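Student: Hi! Could we walk through this one together? I have a few quick questions.

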Amino acid sequence: MQNESLDLESLDLGVLGMLELGFMQKLECFAFQKTEQSIKIALRDSVQKELLAFHLDKKFANLRVEFYQIQDFDFFYQRALLQAEFWLLCENLKAKLALLQTNTYKNPNTQEGLEDSKEVKRLLDFILQEAIDSQSSDIHIELHTQNALVRKRIDGILQKSFVLEKNLFAVLSSRLKLQCNIDMTENRKALDGRFSQTFQDKEFDFRFSSVPTISGESLVIRILPKDIEVLELENLGFDTERLQIITSTLYKGSGVVILVGPTGCGKSTTLHAMLKSSQSSHKKILTIEDPIEYQVDSLTQILLNEQYDFGFNQALRSALRQDPDVMMIGEIRDLATLELAFQSALTGHLVLTTLHANNCLGALDRILGLGGKVDILASSLSLIIAQRLVRRLCKHCSIKASEGFYKEYKNGLYMGLIEQLQLDQKNLWRSVGCKHCQGYGFKGRIMINELLLNNESLSTFLRDQKKDLQDIKMFPMDVDAKNLLESGQSSIDEVHRVWW
Ligand SMILES: [Zn+2]
């Protein structure tokens, strides 16, 4: 028997789950490669080889069956069982579809009624459960010319989950729309919806979006666990000095604190940790966000309802009449919101919010670009925090990079970053990949951040644009990134990808 090491990314998921589930469980085997002439089978125990050969020769009469022993057998075997289970659910749905179509004489292509069947519900639940189990934030289901691909986002990166037959995609899409209570026949325009469901005693909200594409339709489901534990500010990854600045800013009880960074960089986590640390029974904390990502009892979380003409801007206008001490505004998108946030701060409220910008100076530009007044900005801004989430190197497989590694790697693409951070090339690490990290080389994420504190020199800088940028009190991202890299917690390519 030959040995082989597999790579999950390059495996055909269809082949991985092509043997019958019961058979795979009984004989502890799976298929991993199939050509026109041969099929490659991995098995745990060579004792089973004879029995397996007997069954498989019958099943694949015109193929040469080859047996292999695989490194990390258990990891791939579990993935293969998952695929086989998925295929079984697909087969059941296909059978139901065929039955429905033979019984419908008028329209043999009908799928009507199928979206309410237990078969499609089971298939969708399986996809959702698998994504929840692997701690995904989103599920993407896209229709392509041949078939549909199901992927999930883990730690910011998309990974393949399943391949779905084209005709089942339509049923799944209708099922999702039914679950969201929106028009299931509509696939020519963008649709949004949401639904809630319990998985293993935990409640989840799912936010659904569908847009028409050139090959059909793209579906995205955001997974929002209902009671996520809000983290303590101390545990987010700010160093002692920065943490102290943030804490004393919040303690002051007035001013605007702005968080910036791209989507998915953990802004709401930090925002809610800040709210948690400002909480007291003597304060009213009001939040206006769309959607509400965390439900917290001790906050007054305004519920928006566009259908009744109570949107973001209407809520903002009512917010101040609610006599809050602290306000959290999900995002500043326009001048009206910006002015309200800064005016509230001037009248003694603490306002926490986010803004679309890459870094702290970019945030200042954006505020002025939206039409913000320099005077008000200078007197009511407290602090800007820019942040990124960097994937953490897997502690089971990461290794120290040899000294010339990054110099050679991708034609020296990373040398600029190495020079800027003045990194010691003897101290850099790199990813490898193993069963603990599903072959990706990374597991979990860490935050790096940049702080810009409003003080005398920033106010002067803002009022008098000629002043030197050097005088501004900035705590740069560089320091955080350098620490992370030289302590082997992340790799150059990862920091380059998310920040530089
Ligand atoms: Zn690993």
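Student: Leaving aside neighbours within four places in sequence, which residues is Ser398 in contact with?

Tutor: Ser398 is in contact with Leu393, Trp429 and Arg430, where contact means heavy atoms within 4.5 Å. Keep in mind that this is a predicted model, where local features need pLDDT of at least 70, side-chain atom pairs count only at pLDDT 80 or more, and totals for chains, interfaces and linings use all residues. Residues are numbered from 1 along each chain as its sequence is written, and side-chain values use heavy atoms, with hydrogens and water left out.

Student: Where does Ser398 lie?

Tutor: In the loop between strand 16 (381-393) and strand 17 (399-400). Strands are DSSP runs of E with at least two residues, helices are runs of H or I with at least four, and both are numbered from the N terminus.

Student: Is Ser398 buried or exposed?

Tutor: Ser398 counts as buried because its relative accessible area is 16%. Buried is under 20%, exposed is over 50%, and partly exposed is in between, using a 1.4 Å probe and protein chains only.

Student: Switching to the metal, what are the protein donors of the zinc ion?

Tutor: The SG atoms of Cys394, Cys397, Cys434 and Cys437, lying 2.3 to 2.4 Å from the zinc ion. Donors are N, O and S atoms within 2.8 Å of the metal (3.2 Å for Na, K and Ca), and sites may look incomplete since water is not among the atoms. Cys434 and Cys437 are both buried.

Student: How are those donor residues spaced in sequence?

Tutor: The pattern is C-x2-C-x36-C-x2-C.

Student: And what is the geometry of the zinc site?

Tutor: Tetrahedral, with angles of 104 to 113 degrees among the four donor atoms. Four donors get that label if all angles lie between 85 and 135 degrees.

Student: Now the helices. At what angle do helix 5 and helix 6 pack?

Tutor: Helix 5 and helix 6 (residues 166-179) pack at about 85 degrees, with axes 10 Å apart. Axes are lines fitted to C-alpha atoms over the stretch in contact, and angles run from 0 to 180 degrees between N-to-C directions. That makes helix 5 roughly perpendicular to helix 6, a label for 65 to 115 degrees.

Student: Which residues make the contact?

Tutor: Val120, Lys121, Leu123, Leu124 and Ile127 of helix 5 meet Val171, Leu172, Arg175, Leu176 and Gln179 of helix 6.

Student: What about Glu119, buried or exposed?

Tutor: Glu119 counts as buried, at 13% relative accessibility. This residue is in helix 5 (residues 118-133).

Definitions and conventions. Four donors count as tetrahedral if all angles lie between 85 and 135 degrees; four count as square planar and six as octahedral if opposite donors are over 155 degrees apart and all others between 65 and 115; anything else is irregular. Angles under 35 degrees count as roughly parallel, over 145 as roughly antiparallel, 65 to 115 as roughly perpendicular and the rest as oblique.
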